[in-house]
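Subject: Structure handover

Hello,

The structure is placed below for your own work. My notes on it follow.

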Amino acid sequence: MKKILAIALCFCSSICLAQRTELYAIGGLNGAIIKSGSSISAEYSRLYSPTFGLIGGIGSQYVLGETGLLYSTQGTKITTNVGGINKKSEIKLSCFDVPLLAVVAPENFRFFAGPQISFLSSVDSSGKDIK
């Protein structure tokens, strides 16, 4: 039994050492618009906000599987006119995102695709009346 365990351990460690592993920081800028299905006419504009986190992957030289943890904020600016009064509002959503990516990485280029799971951590809404 000990010999089988030792052989399995050597086999698993050699597979792990033959794999390419990566860990890197990632960051960017979101420019999202969140629209309502309301019948009130409104003007929507983009709210630019950051996204950043860590991504790690394991695989061969050209094909990898990656996952990570990202923090992102998304939102929109809304201007409505109700009864002659303009109201400006902002909505901001803060999320933790966990992407599950399949990556094909030929020389000096990367293609990646896959789903992303998001966990909403907070919502911030502000409104101002402008006469």
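**Notes on the model**

Of the contacts in the protein chain with a separation of 6 or more, 58% are between residues 24 or more positions apart; contact means heavy atoms within 4.5 Å. This is a predicted model, in which local features need pLDDT of at least 70 and side-chain atom pairs count only at pLDDT 80 or more, while totals for chains, interfaces and linings use all residues. Residues are numbered from 1 along each chain as its sequence is written, and side-chain values use heavy atoms, with hydrogens and water left out.

**Fold and surface**

The protein chain has one helix and six strands, in the order α-β-β-β-β-β-β from the N terminus. Helices (H or I, at least four residues) and strands (E, at least two) are DSSP runs, numbered from the N terminus. The chain has 131 residues, of which 21% count as buried. Buried means under 20% relative accessible area, exposed over 50%, and partly exposed in between (1.4 Å probe, protein chains only). The accessible surface comes to about 9,400 Å², and 64% of that belongs to carbon and sulfur atoms. Areas come from the Shrake-Rupley method with a 1.4 Å probe; for residues, only the protein chains shown count as cover.

The largest pocket has a volume of about 200 Å³. Its lining has 13 residues, and the closest to the pocket centre are Ile26, Ile55, Pro99, Leu101 and Phe112. Strands S1 (20-32), S3 (63-82), S4 (85-104) and S5 (111-113) are the elements that give two or more residues to this lining. By class, the lining divides into nine nonpolar, two polar and two charged residues. (Nonpolar: Ala, Val, Leu, Ile, Met, Phe, Trp, Tyr, Cys and Pro; charged: Asp, Glu, Lys and Arg; polar: the others, Gly among them.)

For the method: on a 1 Å grid over the protein atoms alone, a pocket is an open set of points with protein on both sides within 12 Å along at least five of seven lines, and lining residues have an atom within 4 Å of a point. Grid points are joined across faces, edges and corners, and the volume is the space filled by probe spheres set on the points.

**Aromatic pairs**

Rings of Phe, Tyr and Trp (its six-membered ring) pair if their centres lie within 6.5 Å; planes under 30 degrees apart count as stacked, over 60 as edge-to-face and the rest as tilted. By this rule there are three aromatic pairs. Phe109 and Phe111 are edge-to-face, because their ring centres are 4.9 Å apart and their planes are at 65 degrees. Ring pairs also link Phe52, Tyr71 and Phe96 into a cluster.

**The loop between S4 and S5**

Asn108 is in this loop and is exposed, at 80% relative accessible area. Its phi is near 60 degrees, a positive value in a residue other than glycine. Pro106 is also in the loop between S4 and S5 and is partly exposed at 34%. Not counting residues up to four places away in sequence, Pro106 touches Tyr62 and Phe111. Pro106 and Gln61 are 45 residues apart in sequence, with 8.3 Å from C-alpha to C-alpha.

**Strand S3**

Val63 is in strand S3 and is partly exposed at 48%. Ile78, in strand S3, is buried at 14%. Leaving aside neighbours within four places in sequence, the contacts of Ile78 include Ala42, Tyr44 and Ile91.

Regards

Notes: 1 Å grid on protein atoms, 1.4 Å probe; cavity = no way out; pocket = protein on both sides within 12 Å on 5 of 7 lines; lining within 4 Å.
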